[in-house]
Amino acid sequence: MTPDPNFERIRTTLFAGQADRVPLAEVLIDESAKEAFLGKDLNDLETDIAFYIKAGYDYISLGRRILGFPPVWPQARLDNYYEAQRTKGHGSMEGFIKTWDDFKNYPWPKKGDVDFRILDKAERIIPKEMKVIRYVGPVFQMVWMLMGFERFSYALTDAPDLVDAIYDAIWERVWWEVEDAAERDVVGAIWYVDDIAIKDRLMVSPAFLRKHLFPRLAMIAEKCRARNIPLIYHTDGNITKVLQDIIDAGVNALHPIDITGMDIYQFKPQVAGRLCVIGNIDIDLLEHATPEEVVADTKKHLRLLGPG
């Protein structure tokens, strides 16, 4: 494929329109994969842009990646963006926040701690045919990762006020990034990343998500509507039970229609014209199948899902 970046192509598609061809879309691509594709080290934005163009994308994806388990907030400083993207956090499955004292003593970053200079540079050098898709989040994932999932699960009943406080504290910091993204002309879409399901089921009740997630997702959507830019939402797993909530929140596109829990060929007709569907390529197939099998599966997706 000859590189032909055109952000209007993916923008039209994300708004459930029909572009000249099906655009490529992925929220995160590992730096080592980019380097293998380019045959050179990736340590600057210029090289990153070169990857996205050569690989056939219409945009470049930028954001603060959550790394490690539990996640480590100091990595949000991004003084060296590409070094930070490779950083692996260290932690315990038990989490960091177990009590109100832990919450009060946790080193929550202040508003000035997040370094947005990579976005400043993108505004100066990105080709005019491209835009940045800014990924933000997660919030729900961060809550249970900071607590540990078992403790989080018990706290839903035993200490709901603590869960609420952690959720609010994380959301406040993610909202700073949403506000920054919405103010930049170079940002052509926002991609909110927050897994709420695994394979065939939700990780928590729809009631919890309706209290905490969807109202905040609607706030992001409102920011996007004000700029007339699309909102993409990523979550793994089967989200059928809350699909209407996601649509009602104002999401324009859903990723990745997890193949371990959903059938995209049955799913797309349910949302045609209301929601753009992204992904659904089987990772195991990519890892273990022959190139011919991967090509055949990809062509099947394009043939059956591309139109409309």
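I take buried to mean under 20% relative accessible area, and exposed to mean over 50%. A reminder to myself before I start: this is a predicted model.

**Entry 1: helix H14**

I looked up H14 and found residues 291–305, 15 residues in total. Its first and last C-alpha atoms are 21 Å apart, close to the 21 Å expected at 1.5 Å a residue. Which residues of H14 are buried? I noted Val294, Asp297, His301 and Leu305. Looking down the axis of H14, I see these buried residues within an arc of 70°, so they line one face of the helix. They pack against two helices, H12 (264–271) and H13 (283–288). On the other side of H14, I found Pro291, Glu292, Lys299 and Arg303 exposed.

**Entry 2: H9 beside H10**

Next I checked helix H9 (residues 160–182) against helix H10 (residues 206–227): their axes come within 11 Å and cross at roughly 10°. That crossing makes H9 roughly parallel to H10. From H9, the residues in the contact include Trp171, Trp175 and Glu179. From H10, they include Phe208, Arg216, Met219 and Ile220. Sorting the contact by class, I get eleven nonpolar, one polar and seven charged residues.

**Entry 3: Thr47**

Last, I went to Thr47, which sits in helix H3 (residues 45–55). Is Thr47 buried or exposed? With a relative accessible area of 8%, Thr47 is buried, because the cut-off for buried is under 20%. Leaving out residues up to four places away in sequence, I listed what Thr47 touches: Leu38, Lys40, Asp41 and Leu42.

Notes
Residues are numbered from 1 along each chain as its sequence is written. This is a predicted model: local features need pLDDT of at least 70, side-chain atom pairs count only at pLDDT 80 or more; totals for chains, interfaces and linings use all residues. Side-chain values use heavy atoms; hydrogens and water are left out. Helices (H or I, at least four residues) and strands (E, at least two) are DSSP runs, numbered from the N terminus. The expected span of a helix is 1.5 Å times one less than its number of residues. Buried means under 20% relative accessible area, exposed over 50%, partly exposed in between (1.4 Å probe, protein chains only). The arc is that of the directions from the helix axis to the C-beta atoms. Contact means heavy atoms within 4.5 Å. Axes are lines fitted to C-alpha atoms, for helices over the stretch in contact, and angles run from 0 to 180 degrees between N-to-C directions. Angles under 35 degrees count as roughly parallel, over 145 as roughly antiparallel, 65 to 115 as roughly perpendicular and the rest as oblique. Ala, Val, Leu, Ile, Met, Phe, Trp, Tyr, Cys and Pro count as nonpolar, Asp, Glu, Lys and Arg as charged, and the others, Gly among them, as polar.
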